[in-house]
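Look at the chain below and think about its charged side chains. Which of them pair up, and where do they sit?

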Amino acid sequence: MHGEYKVRGGKLVVVDLEVSGSQELSMFKDVVVSGDFFLEPDEAFEDLHAALEGLPASLSVEGLTRAIEAKFEARAEATGEEVRMIGFSAEAVAIAVRRAVGAAKSWDDLDVEVIPMKTMDPAMHVALDEVLAAEMAAGRRGPTLRFWDWDDALVVIGSYQSVRNEVDLEAAAVNNVGVTRRITGGGAMFMEPGNCVTYSLMVPAGLVEGLSSERAYAFLDEWVMGALEQIGVKAHYVPLNDITTDQGKIGGAAQRRFADGTLLHHVTMSYDIDANKMLQVLRIGREKLSDKGIKSAKKRVDPMRSQTGMAREAIIESFQAHFLEHYRSHLGDYRPEELEAAGQLVRTKFATEAWTHRVK
């Protein structure tokens with residue numbers, strides 16, 4: 001069995017092992033850890049293998065990490081010499097082990113269907129997040145990356161936000177801006193046609209097994225950091241879920257992990273937002289706009305447009321091409337039955353007062 005894990009900003013960890021015993025009492029044997037990392041002292045390399053040998057094959061990332069750390073702590077106590085793991089960690093080894101036994105996944109295990117922009121009511125995109133997650137859980141759809149496009153104005157609030165705390169409903173009505181609630185947490189999204197770059201990614205939760213919530217966000221958006229760099233935007237993650245540049249924040253992410261093992265991750269990045277209208281509709285202070293590069297509410301939030309000089313459609317097409325080039329993936333489309341189910345969900349859930357105002 002073979003598993004690999006590349007530490008973000010660090011080194012590659014590779015684990016080869018066998019599993020012996022019955023399904024209930026299976027244990028690791030013949031464990032070999034390798035990679036381009038550094039480990040001091042050199043004698044600790046044997047401790048690393050010894051820490052894993054004979055452990056239950058069902059042990060979680062946390063359990064494996066503790067076993068490795070305990071072995072190294074015992075060495076340090078016995079010799080007075082601290083073990084230094086450079087470019088990797090006990091957790092990185094544990095994740096590689098879990099991937100070796102098939103409990104954790106890597107991008108190479110997936111074949112992601114990439115769905116280009118399709119213009120729809122924004123509430124349809126909110127509903128599609130739920131529909132496609134259910135389709136993936138049922139085995140009728142594989143991992144999916146899809147790009148949103150919409151033809152109407154809508155505020156999409158986080159699953160746990162209060163409507164009255166986030167939205168001025170009178171101003172929203174005057175500006176013909178609707179409101180709905182999505183199934184993920186996070187903050188409000190002010191969506192008018194052409195003002196944002198938004199995508200949803202659905203993958204098995206095993207892809208981020210062993211990663212903290214903070215690192216899971218960054219891990220799932222590593223591809224878009226490369227895509228942004230390709231169009232001249234130097235971006236990085238600010239925990240927990242913000243994508244930012246030296247000029248300020250450009251976007252944010254939200255996630256939901258379903259009990260069936262499906263993970264939904266989506267991102268919205270500002271392309272060219274009418275900040276004056278947004279301030280009228282959303283109950284946010286001007287200080288909240290300061291991290292988006294806004295000094296006056298009369299100006300626009302336009303980090304993607306101003307930093308790239310590119311049309312929104314060209315940016316999204318570049319993102320799509322980058323993913324298709326760097327990940328095992330293929331172009332696809334929505335199935336008619338998925339669109340029908342999403343439309344039904346809009347009518348019965350996402351367009352209803354009961355759902356939108358479930359948190360007053």
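The paragraphs below go through salt bridges in this structure.

This is a predicted model, in which local features need pLDDT of at least 70 and side-chain atom pairs count only at pLDDT 80 or more, while totals for chains, interfaces and linings use all residues. Residues are numbered from 1 along each chain as its sequence is written, and side-chain values use heavy atoms, with hydrogens and water left out.

A salt bridge here is a side-chain nitrogen of Lys or Arg within 4 Å of a carboxyl oxygen of Asp or Glu. Searching the whole structure gives 17 of them.

One of these joins arginine 8 to glutamate 222, with 3.5 Å between the closest N and O atoms. Arginine 8 is in the loop between β1 (2–6) and β2 (12–20), and glutamate 222 is in helix α8 (residues 222–230), so the pair ties together parts that are 214 residues apart in sequence. Helices (H or I, at least four residues) and strands (E, at least two) are DSSP runs, numbered from the N terminus.

Another salt bridge connects aspartate 149 and arginine 312, whose closest N and O atoms are 3.0 Å apart. This pair also links distant parts of the chain: aspartate 149 belongs to strand β7 (residues 144–150) and arginine 312 to helix α12 (residues 312–326), 163 residues apart.

Are these two partners buried or exposed? Buried means under 20% relative accessible area, exposed over 50%, and partly exposed in between (1.4 Å probe, protein chains only). Aspartate 149 is buried at 13%, and arginine 312 is buried at 3%. By contrast, arginine 8 is partly exposed at 47%, and glutamate 222 is partly exposed at 28%.
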